[in-house]
Amino acid sequence: MQAWPLTGRVEELEVIAGALCPDQPHGGVVIAGSAGVGKTRLAREAMALAAERGRAVRWITGTAAAQSIPLGACAQWADRLDGDPLQLVGNVMAKVTASPNGAPVLVVVDDARLLDNLSSFVLHQIVLRRAATVIATVRTGAPAPDAVTALWKDGHLRRLDLQPLSHGESDALLHSALDGPVSAACAERMWRLTRGNVLFLHQLVNQEMQARRLVPHDGEWHWVGTMEMSQSLVDLVDLRIGATPGPVLEVIDLVAVAEPLELAYLTALADAAAIEDAERRGLIMVSRTRPNTVVRLGHPLYGEVRLAQAGNLRLSRLRGRIAREMGRPSAPARPVDPVRLAVLWLQSDLTPDPDVFTRAAQAAFRRLDVELAERLAAAAMAAGAGLDAELLRGNALMTLSRGAEGEDLLGVLTSRPLPEPAWSAAVNLRADNLLWPLGQPEQSRKVIDHALAAASGPASHRVLAFRAVQLAVEAHPAEALKICESIDSSQLAALPALKLACAQTISLGDLGHPLQGRTFAEEATRLAAASPEGAFFQAIILVVYQTQALIVGGCLPEAVSLAERTYQQYSVVPGAAQIFSNAISGMAALAVGELDTAVERLGNAVMGLGDRTDGGAYHFGIDYVEALARSGDAEAATEALAQMERNRHPAHVYRESDSLLAGAWVSAARGRTSQARDLAREAAEFARTRGQHAREVVSLQGAIQFGDQHTAGRLAELAELVDGPRVRLAARWAAALSGRDGDALLTVSRDLEVMGDRIAAADAAAHATRAFHQRNRRGPALTASARADRLITDCGATTPAARAAATPLPLTNREREIAVLISHGLSNIEIAQALTLSVRTIEGHIYRACTRVGIATRTELAGLITQFAPGNGSA
Amino acid sequence: MAHDVDAYEAALRRLPEAHSLALRLRSAGVADEVVCEYLHIETEGLETLLRVAEQKLHAELHKR
């Protein structure tokens, strides 16, 4: 099938040409349209235009055959297919966007909706970093990966909706393609059938020419006779391809099941004349790229039609032929992707091969496609694979939060006599699966108890690593750390080393030493990057703990920097890594008072983890509740708090004080400051009893922010135990607050801002304002008030202290709290219930408050407190 | 004047159906979302579609 001239696309090509000019607001164009409308053709024209303008051009195709293979669409750009997924992706990106002499690059991605997730990530990164101009085609109405959809939804690529040709353009194309005029009747019939769809028109003309029903007569083309033809493009494509000779059909089908297929395999498997014939007919296209020349189908529809029509037995046989060729030690095209080989093998008529499936499962896990890794490991086990496949499947099931299936597998596995290190790995996985996806800490503990009783030598060190995790998350940091210190880490592979690093990070953080243990954590992360056991996910979880320890200790610039680095690396990686990077970034944003970012990213994370049972939604739900409450959205915070409680997970004991404190912030947002103070004290008490010194500091700081003036003594003690800037500032703050020392409070506010906790800095300034007022120092009070107002406004926060400072009314804290609740519409009975006081006491407070400010009714009191609220300009 | 109107209408009719419809709906003041619904396109594509439509119309009007 010869190429037809491009017709009716001048304006569309101009849009694309514009994207190739320097300094464009968009990183390229996405061409959207229905099947056969001419998207691929337009993209080819764009590629030719770019090449003319001196650009290096790359062509990537999304195909049904490669869609299930992580990085399948970009495989030809990968030198090696193993190792850390980010490094792998980075190498592919570098190769796709590299050019001789630094010439700008155009990357064309045809049928981007069929890209696998990891290739979508590559594309997304190329666009985001402006590493090349991108032209992508997508079929309208068909779902595409999120990373692809985001390209136009987030405004990175201009979207060009390609429309069918007009009647006139269709006629002109016919005239031009047939190299002569067409009768009016013929043109009209063709138009009615094809309605400007170029591929349809092309297929129809070819078919009718071959059937000799399209004939020249008197200088015009005529369509004669009756035609047996279906009304659909797909049927027409099917008819056309089905009518090709057997050997050519075999070529098309071979390409369809493994597209893009290296020419070397096709040549080894098919008749050379048939390959040439298929190319001549436009049914396949050959791209000469390095290291392998690859073959693709002439149009995506050809593949769809053949995969639907060819019959499973035939397709299985063809996949088997390719897989056998690919699996030979002297395979003609290198490197062979183990995942691609296994996916072909799995759907072929070949005898299942446990080694092929196990290697592929490991590779898929490393490329973050855990679902595929699980399927391949299951296939490997069914084919008789050994321990490697079983352990990998157990790990995959746990990572997918499929706890019950994981326990079925790991329970049986650990009951068998196993060699080391497989035995300790199986034991740890089982305990891990019981602890997180199944939420059974007691059972998890029993598994480790039992194993420790049986273990000796290096095995006991490996099992102890998980005991340390259990103790750390159960909020026993001192015991956990003691165990960490007894373990010989040189005996540990990547996964147990990461577990040990997690336990150590949590314990050291809770005990108040956030900067210790970092060298070991970094070493474990490096081990994970090269690990064959898919320790990548655990490495991201370690970053969660590291960030949290830094935040708790008040090392906020370090926390922000770590979170930012993680977000940049993982925020568009498909799957769990993306969710965790959002959560980590949200936690850091909350700590420094960037509440909009915190609410957005933590909200995304909680939503993304909602259907998992491993406690992630509870863990990050705590921070999400606090972010909403601090931003003053009491209604949303109350709702999120209820959701957090529904998601409560029994393994997250070490975050109990945070959970209580989040509830305290919700109470504060609802105007119930004394309840908030009580909850913060309860949080501090919990942390104190567990020896979580650093978390006790955070809880006491919360209590200070809610007006507690009795924390100075304990904070002074904690300052002797805990490292990091937070404890020292909190201790100074507590002392200054109890001494009503405005100058000291103002200094604390400045130092808190330097530390990065801007909301706390605002609250300390608000406390300074009140202290200055109480001593009739109006000038400094104004300065402190302006400072509090600036910080609180910058953060978009609402806090009780800032509210009080903005209300220069001669009220006590209790009277102010009651006035705020009246302004929220609560009755005296409701206020009494909220504050656990009697109605008579509430009435007494209201009476005294009204007397102090010279008004007569509770309604006037509510009006007054609203008038002086922050943000209305009265402060 | 009538001649101009006829020429404009004739040019509109020669455009691909979606482009012609987009221009007619736009000049009738129909909201963007509704235009996109009629054309079965996503809102992010409307601006470019209208730009292409206007260029095609301009080309039709100036065809000799």
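# Close-up views of a predicted model

**Figure 1. Cover over the buried residues of helix α12(A).** In this predicted model, α10 (246–258), α11 (263–269) and β9 (284–287) of chain A are among the elements that cover the buried residues of α12(A). The helix spans residues 272–280 of chain A, and its buried residues include A274(A), I275(A) and A278(A). These lie on the same side of α12(A) because they cover an arc of only 105° around the axis. Residues three or four places apart in an α-helix point the same way, since there are 3.6 residues a turn. A272(A), A273(A) and R280(A), on the other side of α12(A), are exposed. After α12(A) comes G282(A), with a positive phi near 80°.

**Figure 2. Buried side of helix α42(A).** Helix α42 of chain A runs over residues 828–835, with I831(A), A834(A) and L835(A) buried. The arc they cover around the axis is only 85°, so they sit on the same side of α42(A). Their cover includes three helices of chain A, α33 (673–690), α41 (813–823) and α43 (839–853). T836(A) follows α42(A) and has a positive phi, near 50°.

**Figure 3. Packing of helices α24(A) and α25(A).** Two packed helices are described by the angle between their axes and the distance between the axes. For α24 (residues 494–511) and α25 (residues 518–529) of chain A, the angle is about 150° and the axes are 9 Å apart. The two helices, α24(A) and α25(A), are therefore roughly antiparallel to each other. The crossing in which α24(A) passes α25(A) is left-handed. On α24(A), the contact is made by A494(A), A497(A), L498(A), A501(A), Q504(A) and T505(A); on α25(A), by F520(A), A521(A), A524(A), L527(A) and A528(A). Sorted by class, the contact of α24(A) with α25(A) holds 9 nonpolar and 2 polar residues, and no charged residues.

**Figure 4. Packing of helices α28(A) and α29(A).** Helix α28 (residues 576–591) and helix α29 (residues 595–608) of chain A cross at roughly 145°, and their axes come within 8 Å. Their crossing, α28(A) with α29(A), is left-handed. The residues of α28(A) in the contact are I579(A), N582(A), A583(A), S585(A), G586(A), A589(A) and L590(A), which meet T597(A), A598(A), R601(A), L602(A), N604(A), A605(A) and G608(A) of α29(A). By class, 7 nonpolar, 6 polar and 1 charged residues take part in the contact of α28(A) with α29(A).

Figure 5. Most residues other than glycine have a negative phi, and most peptide bonds are trans. The bond that joins E259(A) and P260(A) is cis, with omega about -5°. P260(A) is placed in the loop between α10 and β8 (261–262) of chain A. A cis peptide bond also leads from E420(A) to P421(A), where omega is near 0°. The loop that holds P421(A) lies between α19 (403–414) and α20 (422–435) of chain A.

Figure 6. L71(A), a residue other than glycine, has a positive phi near 75°. Its place is the loop between β2 (56–61) and α3 (85–97) of chain A. With 28 other C-beta atoms within 10 Å, L71(A) is buried; the cut-off is 20 or more. S401(A) is likewise a residue other than glycine with a positive phi, here near 60°. S401(A) belongs to the loop between α18 (387–399) and α19 of chain A. S401(A) has 19 other C-beta atoms within 10 Å and is partly exposed.

**Figure 7. The contact of chain B with chain A.** Chain B brings 14 residues to the contact and chain A brings 16 residues. On the side of chain B that touches chain A, α2 (17–27) and α4 (46–61) of chain B each supply at least two residues. The most comes from α4(B), with 5 residues. By class, the side of chain B that touches chain A consists of 6 nonpolar, 4 polar and 4 charged residues.

**Figure 8. Chain A as the setting of the views.** Chain A has 44 helices and 10 strands. Its C-alpha atoms fill a box of roughly 110 × 70 × 55 Å along the principal axes. Of its 875 residues, 57% count as buried. Among the contacts in chain A with a separation of 6 or more, 67% are between residues 24 or more positions apart.

Note on methods. Residues numbered from 1 in each chain as written. Chains lettered and ligands numbered in written order. Predicted model: local features only at pLDDT ≥ 70, side-chain atom pairs only at ≥ 80, totals over all residues. Buried ≥ 20, exposed ≤ 12 C-beta atoms within 10 Å, placed from the backbone. Helix = DSSP H or I, 4+ residues; strand = E, 2+ residues; numbered from the N terminus. Arc of directions from axis to C-beta. Contact = placed C-beta atoms within 7 Å. Nonpolar A, V, L, I, M, F, W, Y, C, P; charged D, E, K, R; others polar. Axes fitted to C-alpha atoms, helices over the stretch in contact; angles between N-to-C directions. Parallel < 35°, antiparallel > 145°, perpendicular 65-115°, else oblique. Left-handed = near helix turned anticlockwise from the far one by under 90°.
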